[in-house]
Amino acid sequence: MFSGNHQISKRQLYRNYASALISLGALLPPLIMQKDNFGSVLLALLFLGVFFAGAAAAPNPTDPVVKWLCYVNYWVLGTMLIRMTGLLVQHFLLTDTSLWVILLWFCLFCYYNLYKGLECRVRVSEILFPFFLLLFLLLSALMYGEVEVGRLLGLRFSLGRQAWLEGYELFCWLLAAGSLWHLKGRMADGEGFRGTVFWLWVTGVLAVGGFGLFSYCVYGDAGHTGLVYPVGSAMTLAHFPGNVIGRLDALFVFGWVIGLFLLCSSLLAPLTGGEPGIGKKWGLFGLLTLSFGAACLPECMEWGQELLYRVLTPIQLLILLLQWIRGNGKKKTAAAGCLCLSFFLWGCSSQELEQQSLVTAIGVDVGEGETFALTFGFGSTKDEGEEPFETVSASLQEARETYWEYFQKNMDFNHLKNFYFSQEILEQPYFPKLLQEIQTNASYSRGTLVHVTEGAAVEEAKKEEQPGEGVPIHRVLNAWYNQESCEISVITADGRYKGYRSWP
C-alpha cells in the first residue's frame, strides 16, 4: 500500500540515489584508476560534494525554463545509460541478441516503472536496495584471492591538468545523482534533506573511491588500460578465485542492470508531480521512444558525452549558482536553452543477427617472420562438427577477419577459457604485440587462464576438455606492463600439468 500523498521519506530518497552512486561507482572509476590517477577520482568526489552542498542550500528549481534545461540534461544522461546497459547485457549475457531488442525491453520496463508515478518508483528502489547492496558486497568479497593490497603503497597523487580533466569527466557522470535536487520539495520531512544529501555524498565517496582502489588492487596499472567504456570496466572482467564459476561477468551485469534501471527511472521521470496524468504519460512514452531510437545509434555515446562535458554540465552548474543567488528575474538561464537546440538524436540503426563460433581456447605458436601460428578451438568437435581453425597471422584481429572470409561467421570470445603459449613464442621479441592486443581489446576477459606448453600449443587448443585451473591473463599483463616477473603454469610435452615457469 502507498500513502497516496505523493511524498517521499528520507530513507526512500537515500536508497534511490545510493543505489545509483554504488552502481556508477563500480562501473566508472576502474577506467581511470592507475597509480598516478587517483587524484582524478578524489577531485570528482570533491566536485560532487560541492554540488550536493549547493543543492542542499539552494531552493529547488521552479521556473519552467530552468526545469526544462535540467530535464534535457537528465534525458541525455538517461539515454546514454540505457545504451550502456544494453551493451553490457549484449556483451556478457545475450551475445546472440540484437542490441535493439535488449534496449526495447529495457525501455518498456522503464516506462512501466515511470507510469506508476513518483512514490511508486522510489518504493521500488527502496525494496531493491538491500538486495542490490548485498549482491555487490558479496561479489567483491568473492574476489579476495585476486586482491594485492601492497599495490596501494605505489599510489601517487597527481593534480595536473589531465587529472582535473578526468576528474571533471567522472563528475559529469556522477552528476546523474544530482537529480535529487528536484525532489527537495517532495520530501515529507523537508528539514531532513540536508542530512540525507550529506550521507549520500559519504556513500558516494565510499563507493567510488572504494571500487577505484579495489580494482587497482586487483588489476594494477595494466588490467584495464585502453579498454572502451562501458565494456572495459575492470569489474566486468573479473573471475572467481580458483574459477569456482569461471567469470563474474553475468552476476556483475545483473547487479548493474538493477542499479541502472533505478537510475534511469529517476532521470527520465517528470519529477514535478506525483501520479502523471494522461498527457504526461503520453509525454513519457514519447521521451522513452526517442531515447530508444537514440540509444540504438552507435554515435549516441560520442555525441552525448560531448554535450554532457561541454554544454549540459556547465549549464547545471550555472543554474545551481543562479538558484543560490537568485533575486528578481527568474529566467536568467533561458538563453542557455539555445545551446541544447543542436541535440537531435532520432532514428534507429538495424543490426542483423550473426552466426557465432564460440571460441574456448587459443593456441599460439611461432609463425613465419614476425607472425603467430594461431589455433582456435571451439570445444564442439563431436557435437556440432566445428573443427579447430588454424592460421598464420600478425594479430588476433587479422585471424578473425580471415576466419570470416572462409566461413562467414564471427568468432565470439565470450566463452574463451584458456590461452596456450608455446615456450618458443614467449622468447620472441614481438610477443608483446600480442599482449598489447589482448590488453586493449574488450573481447578478452581478464579472467581467461594462461598456460605455457613445452610442446606445440596447437595440440592443447584442439582438445575438447579444457583445464579449470591456471594463471589469469591479467597477472601476465600486469607483469609485462610493470616489468615484473610472474609464474605461469606449464603443460609438459606429454600433456601433464606440472609446475610453473617464470616469465619474463
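A salt bridge here is a side-chain nitrogen of Lys or Arg within 4 Å of a carboxyl oxygen of Asp or Glu, and the structure holds seven of them. This is a predicted model, in which local features need pLDDT of at least 70, side-chain atom pairs count only at pLDDT 80 or more, and totals for chains, interfaces and linings use all residues. Residues are numbered from 1 along each chain as its sequence is written, and side-chain values use heavy atoms, with hydrogens and water left out.

**View 1. The chain as a whole.**
Let's start with the overall picture: the chain has 16 helices and ten strands. Both are DSSP runs numbered from the N terminus, with helices being H or I of at least four residues and strands E of at least two. Of its 504 residues, 57% count as buried; buried means under 20% relative accessible area, exposed over 50%, and partly exposed in between (1.4 Å probe, protein chains only). Among contacts (heavy atoms within 4.5 Å) between residues at least 6 apart in sequence, 77% join residues at least 24 apart.

**View 2. Helix 2 packs with helix 7.**
Two packed helices are described by the angle between their axes and the distance between the axes. Here helix 2 (residues 38-57) and helix 7 (residues 193-219) pack at about 170°, their axes 10 Å apart. Axes are lines fitted to C-alpha atoms, for helices over the stretch in contact, and angles run from 0 to 180 degrees between N-to-C directions.

**View 3. Lys462 meets Glu390.**
These two side chains form a salt bridge of 2.9 Å, N to O. The pair links distant parts of the chain, 72 residues apart: Lys462 sits in the loop between helix 15 (457-461) and strand 8 (471-472), and Glu390 in strand 4 (residues 389-393). Lys462 is partly exposed at 33% relative accessible area, and Glu390 is partly exposed at 46%.

**View 4. Glu427 meets Arg501.**
In this salt bridge the N to O distance is 3.7 Å. Its partners lie 74 residues apart, with Glu427 in the loop between helix 13 (423-426) and helix 14 (431-440) and Arg501 in strand 10 (residues 497-503). Glu427 counts as exposed, at 56% relative accessibility.

**View 5. Glu460 pairs with Lys463.**
The closest N and O atoms of this salt bridge are 3.1 Å apart. Glu460 is buried at 7% relative accessible area, whereas Lys463 is partly exposed at 33%.

**View 6. Asn418 and its neighbours.**
Asn418 belongs to strand 6 (residues 418-422) and is buried, at 0% relative accessibility. A polar atom of the Asn418 side chain lies 3.4 Å from the backbone oxygen of Pro467. Leaving out residues up to four places away in sequence, Asn418 touches Thr360, Ala361, Ile362, Thr448, Leu449, His451, Gln466 and Pro467.

**View 7. Helix 16 and the residue that follows.**
Buried residues in helix 16 (residues 473-481) include Ile473, Val476, Leu477 and Ala479. Just after this helix, Gln483 takes a positive phi of about 55°.

Key. A polar contact is a pair of N or O atoms within 3.5 Å; within protein, one must be able to donate a hydrogen and the other to accept it, and residues adjacent in sequence count only if both atoms are side-chain atoms.
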